[in-house]
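Colleague: Could you walk me through this chain when you have a moment? I would like to start with the charges and then move on to the rest.

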Amino acid sequence: EYGMARHVLRVQVIVLRYIKALLVVITTLVAAYAMAAVVEGQPSVPDSAARWIVATLVLWAPAVLLVSASPVHWLDRLLRSEGATSAGIRYDRDLTRLERVVAAVSVGVLAGALACGAVLLSRDASTAGNTGLAVAGAIGIAAEAWLLQRVRR
């Protein structure tokens with residue numbers, strides 16, 4: 001019985017990782033298509049297109065963190081709705097390994113995008129596109145901080 005239970009748990013970990021990876025890939029593809037649509041095969045990227053790329057990356061970082069952490073939260077909610085008083089599924093290192101990796105990557109991408117956004121804002125702070133970029137940056141930082149705190153709980 002112990003071997004069967006261990007096997008079922010390993011299969012659950014593998015399936016959950018594939019679901020998370022699929023959600024991350026879909027989110028990344030949407031962001032990549034959005035960025036590719038902005039560039040439109042131009043040999044150089046104008047500032048207006050660069051602002052859209054930075055805004056896409058700033059919004060991608062918390063979105064990818066959200067979709068990678070959601071399946072574990074879904075399972076936790078499901079177990080609690082079935083009567084479990086405490087579900088330790090959020091604290092299982094095997095089930096949350098992908099979230100930790102995605103959290104590190106998304107923080108790195110967010111920091112890089114914000115640095116590029118700061119360079120764009122320093123070039124010409126008078127355009128309306130830069131205001132939108134600053135707003136997207138603030139939303140991205142707030143969402144990333146909230147999601148990181150939620151993933152670490």
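**Charges, shape and core**

Modeller: The chain carries 15 positive and 10 negative side chains, and the centres of these two sets lie 6 Å apart. Lys and Arg count as positive and Asp and Glu as negative, while His and the chain ends are not counted; each charge is placed at NZ of Lys, CZ of Arg, CG of Asp or CD of Glu. Please keep in mind that this is a predicted model, in which local features need pLDDT of at least 70 and side-chain atom pairs count only at pLDDT 80 or more, whereas totals for chains, interfaces and linings use all residues. Residues are numbered from 1 along each chain as its sequence is written, and side-chain values use heavy atoms, with hydrogens and water left out.

Colleague: Okay, and how many helices and strands does the chain have?

Modeller: There are four helices and zero strands, where helices (H or I, at least four residues) and strands (E, at least two) are DSSP runs numbered from the N terminus.

Colleague: What about the overall shape, say the radius of gyration?

Modeller: The chain has a radius of gyration of 19 Å, while a compact globule of 153 residues would have one near 15 Å; the radius is taken over C-alpha atoms, and the globule rule is 2.2 Å times the number of residues to the power 0.38. Along its principal axes the C-alpha trace spans about 65 × 30 × 20 Å.

Colleague: Which residues of the largest nonpolar core touch the most other members?

Modeller: Those are Val54 and Leu65, in a core of 22 residues. Helices H1 (2–39), H2 (47–81), H3 (97–123) and H4 each supply at least two residues of this core, and the largest share, ten residues, comes from H2. A nonpolar core here is a set of buried Ala, Val, Leu, Ile, Met, Phe, Trp, Tyr and Cys residues joined through side-chain atoms within 4.5 Å.

Colleague: Switching topic, is Glu144 buried or exposed?

Modeller: Glu144, which is found in helix H4 (residues 128–152), is buried, with a relative accessible area of 2%. Buried means under 20% relative accessible area, exposed over 50%, and partly exposed in between, using a 1.4 Å probe and protein chains only.

Colleague: And what does Glu144 touch?

Modeller: Leaving aside residues up to four places away in sequence, Glu144 touches Ala61, Pro62, Leu65, Ala103, Ser106, Val107 and Leu110, where contact means heavy atoms within 4.5 Å. Leu65, counted in that way, touches Glu144 along with others including Val102, Leu147 and Val151.
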